[in-house]
Amino acid sequence: MSPQGQPPPARRAEAWPLEPDATVMRELAGAVAEELVRFVTDLPDRPASDTSRAADVIADLPGAPPEEPGDPGRLLALVRRAAEPVWESAGPGYLAFIPGGGLYTAAVADFLACGLNRYTGVAATAPALVALEARLLRWLCAAFGLQAGAQGILTSGGSIANLAATVAARVDRLGDDPQGGVVYASEHAHASVTKAARLAGIPVRHIRTVACTPDLRLDPGDLDAAVRRDRAAGLRPFLVVASAGTTNTGTIDPLPAVAEVAARAGLWLHVDAAYGGFFWLTARGRARLAGLERADSITLDPHKGLFLPYGTGCLLVRDGQTLRRGHAGEAAYLQDLDAVGDDTPDFADLSPELTRDFRGLRLWLPLHLHGLAAFRSALDEKLDLTEQVHAALAADERFEVPWSPELTVVAFRLRGADDAANRALLARINASQRVVLSSTRVDGRFTLRVAILAHRTHRERITELLEIIDRAARAPAT
């Protein structure tokens with residue numbers, strides 16, 4: 001009631017332009033849904049990579065927003081045009097870097113989560129939604145062999161997960177003084193590992209590159225020797241990062257042996273399983289990832305192995321209190337928000353983020369809607385497709401295929417050819433626009449990569465890939 005005891009006047013839609021009525025909301029949501037349905041339906045026929053028109057599109061992009069409302073149809077068309085010149089990471093031909101397909105059901109979850117707009121950094125503001133996310137994280141901890149006392153946190157990606165793990169390890173093993181702390185990882189570790197160490201206060205001179213064996217795995221013997229040297233020099237070794245699926249070749253470090261060295265030396269063992277971790281859900285993957293359950297912390301990327309949209313990472317920590325000690329803080333302006341209980345943690349105390357959206361729904365809804373068997377089957381399919389590619393390339397005398405894949409990356413190059421010839425081969429393959437591969441350097445040599453992880457990639461596209469590679473290799477050098 002108004003101060004005069006009269007009911008407030010009815011709101012006119014034109015008076016509250018930021019509060020569209022039900023009709024407008026339905027129309028806009030329907031238009032967006034149609035746009036996404038068209039996009040997903042067209043994916044098999046879209047170019048796997050084509051940025052040739054990017055300059056023209058960028059030149060036409062608007063600058064400052066207008067004072068008056070814009071036309072929804074025209075704006076959606078503009079977004080559609082801006083989304084065209086890309087490497088099509090959502091499509092079946094995307095075999096570059098580490099694919100992340102973006103499940104449609106996760107997009108639906110994000111639409112709902114953004115509309116609800118619940119703050120989940122502190123449990124008191126949305127306790128049941130935080131509990132929903134926390135239960136999912138407890139399941140993940142248990143699934144990866146981390147039992148009572150373990151804690152998980154969903155992050156914006158593997159980089160923040162690696163940073164949070166590094167901070168937790170530093171505080172747990174070094175206390176408040178990081179002076180002299182040393183971190184160990186192989187040359188094939190993800191770039192975010194070194195960045196995380198630097199952001200956590202470890203100088204570059206104390207970040208050690210551990211030698212690899214000829215099969216590109218971290219050498220436990222070299223790790224042990226490096227730790228001994230640093231201790232003898234008065235330094236404080238505290239963290240080793242092992243890879244469970246390198247980006248270069250999908251290689252898995254010898255996790256049991258690294259765990260033994262870490263246990264003897266008192267090192268925190270962090271396993272960066274951003275790419276390979278979810279293969280743990282399959283029988284073959286669990287056998288190849290043996291030792292993962294011995295980690296003190298594990299980075300996972302659901303936007304890789306569970307095919308979710310980019311921006312979905314995860315960290316699991318064996319002792320959840322170490323994660324809390326590394327990140328918890330106090331602020332007077334939060335004093336009205338009482339802790340709810342152990343089942344509903346304050347996620348702000350577990351990572352660098354205070355402001356945090358309800359990102360758990362994009363993981364929770366697809367898992368509950370599709371069921372675990374669907375994800376397990378898709379991961380097994382990717383392992384099968386990788387074996388098909390490896391077998392075909394390894395049997396072809398034109399190619400050198402130095403490493404048998406443990407996960408879903410096949411690295412290869414032309415036998416006896418220089419970098420220029422291999423770079424030209426990659427260009428011819430990608431010119432097909434049916435597939436897109438990427439490259440790396442291993443042992444100083446230009447190397448092509450086939451990375452199979454998009455959930456929309458199936459056998460017919462892999463068969464086509466092999467045909468494209470064959471034609472590209474037959475083409476005369478220019």
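**Notes on the helices and sheets**

1. Start with one residue pair. Gly313 in E9 is the bridge partner of Thr155. Bear in mind that this is a predicted model. E3 and strand E9 (residues 313–317) are joined by five bridges, and the two run antiparallel.

2. Now the sheet around that pair. It is an open sheet of seven strands, in the order E3-E9-E8-E7-E6-E4-E5. Its pairing is mixed. In general, strands of a sheet pair through backbone hydrogen bonds, either parallel or antiparallel.

3. Which strands stand at the edges? They are strand E3 (151–155) and strand E5 (207–210). Each has a single partner strand, so one side of each has no neighbour in the sheet. On average, neighbouring strands here are turned by 20 degrees against each other, direction ignored.

4. Helix H9 (residues 255–265) lies across strand E6 (236–243) and strand E7 (268–272). H9 runs at about 170 degrees to E6.

5. Next, another sheet. This open sheet has four strands, in the order E10-E11-E13-E12, with antiparallel pairing. Strand E10 (399–400) and strand E12 (438–442) are its edge strands, and each pairs on one side only.

6. Which strands do the packing helices touch? H14 packs on the four-stranded sheet. H14 touches E10, E11 and strand E13 (445–451), and its direction makes about 20 degrees with that of E11. Helix H15 (residues 419–431) also packs on the sheet, touching E10, E11, E12 and E13. The direction of H15 makes about 25 degrees with that of E13.

7. H14 has a helix partner too. The axes of helix H13 (residues 361–370) and helix H14 (residues 372–394) come within 6 Å and cross at roughly 95 degrees. H13 contributes Pro366, Leu367 and His370 to the contact, while H14 contributes Leu372, Ala374 and Phe375. Of the residues in this contact, five are nonpolar, one is polar and none is charged.

8. Helix H1 (residues 22–42) has 21 residues. How far does H1 reach from its first C-alpha to its last? The span is 30 Å, close to the 30 Å expected at 1.5 Å a residue. At the start of H1, a side-chain oxygen of Asp21 comes to within 3.2 Å of the backbone nitrogen of Thr23.

Note on methods: Residues numbered from 1 in each chain as written. Predicted model: local features only at pLDDT ≥ 70, side-chain atom pairs only at ≥ 80, totals over all residues. Heavy atoms only, no water. Expected span 1.5 Å × (residues − 1). Polar contact = N/O pair within 3.5 Å; in protein donor to acceptor, adjacent residues only side chain to side chain. Axes fitted to C-alpha atoms, helices over the stretch in contact; angles between N-to-C directions. Contact = heavy atoms within 4.5 Å. Nonpolar A, V, L, I, M, F, W, Y, C, P; charged D, E, K, R; others polar. Pairing = 2+ DSSP bridges.
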